[in-house]
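Here is a short briefing on one protein chain. Take a look at the structure, then work through the points by topic.

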Amino acid sequence: MTELETIACITRVVLFSDERAFERIVRAYEQPLRQFLLHQTDGNDDLTDDLAQETFIRAWQQLHSFRRASQFQTWLFSIAYHLYMDDCRRRQAHPIVDIALLAEEPNDDEDEDADENREQWVHRALSRIPEPARTCLSLFYMHDMSAAEVAKITGLTENNVRQIIFRNKTKLKQLLITTQDENQ
């Protein structure tokens, strides 16, 4: 769905409470939203489903407040990110991110054990990087969002996002080397 089609659907929802238009929005954005949330929840399908559902409920309730200051997907991901962080605070859990964030693409020649070992050491390295850095890295690298879009989602300034990504990318590389050495 193009951004123009999305805006047309949003207009129908806001003006006429058009449920079909909102269903089109959900169908168009459900997969990217679930992928983002899966990265945040370390693949927890149940939590991802709950957060995605709550995100769309909030979007329905707050659609009238969407002002096109950013793309709709950025606005939607912002709702999801804040719901995720609220859930982490409620559970007093540390935010998590997909362990495949910076892992190499699996090679068909490699066996499953090698992939599993690589995921374990990447996970250990990422677990040492605090929030919001993990979210910034995830959105920037896994969802190909710009620093400006990441800033809108996380509530950070664009310069902060760039600095966080730069500093933590280097830190993550060092941690990956350290944790890989620990595994050998």
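A28 lies in helix α2. Helices here are DSSP runs of H or I with at least four residues, numbered from the N terminus. This is a predicted model: local features need pLDDT of at least 70, side-chain atom pairs count only at pLDDT 80 or more, and totals for chains, interfaces and linings use all residues. Residues are numbered from 1 along each chain as its sequence is written, and side-chain values use heavy atoms, with hydrogens and water left out.

- A28 counts as partly exposed, because its relative accessibility is 29%. (Buried means under 20% relative accessible area, exposed means over 50%, and partly exposed is in between, with a 1.4 Å probe and protein chains only.)
- A28 and T2 are 26 residues apart along the chain, and their C-alpha atoms are separated by 9.3 Å.

**Aromatic rings**

- How many aromatic pairs does a search of the whole structure find? The search finds 7.
- Rings of Phe, Tyr and Trp (its six-membered ring) pair if their centres lie within 6.5 Å; planes under 30 degrees apart count as stacked, over 60 as edge-to-face and the rest as tilted.
- Y29 and F72 form an edge-to-face pair, because their ring planes stand at 65°, with centres 5.0 Å apart.
- This pair links distant parts of the chain: Y29 sits in helix α2 (residues 19-40) and F72 in helix α4 (residues 72-91), 43 residues apart.
- Y29 is buried, at 7% relative accessible area. F72 is buried too, at 0%.
- F66 and F72 also pair edge-to-face, since their planes lie at 85° and their centres 5.6 Å apart.
- F66 is buried, with a relative accessible area of 9%.
- Ring pairs join Y29, F66, F72 and W75 into a cluster.

**Helices α6 and α7**

- Two packed helices are described by the angle between their axes and the distance between the axes.
- Helix α6 (residues 133-142) packs against helix α7 (residues 147-154) at about 135°, and their axes are 10 Å apart. (Axes are lines fitted to C-alpha atoms over the stretch in contact, and angles run from 0 to 180 degrees between N-to-C directions.)
- So α6 is oblique to α7. (Under 35 degrees is roughly parallel, over 145 roughly antiparallel, 65 to 115 roughly perpendicular, and the rest oblique.)
- T135, C136, L139 and F140 in α6 meet A147, V150, I153 and T154 in α7. (Contact means heavy atoms within 4.5 Å.)

Technical notes. Helices (H or I, at least four residues) and strands (E, at least two) are DSSP runs, numbered from the N terminus.
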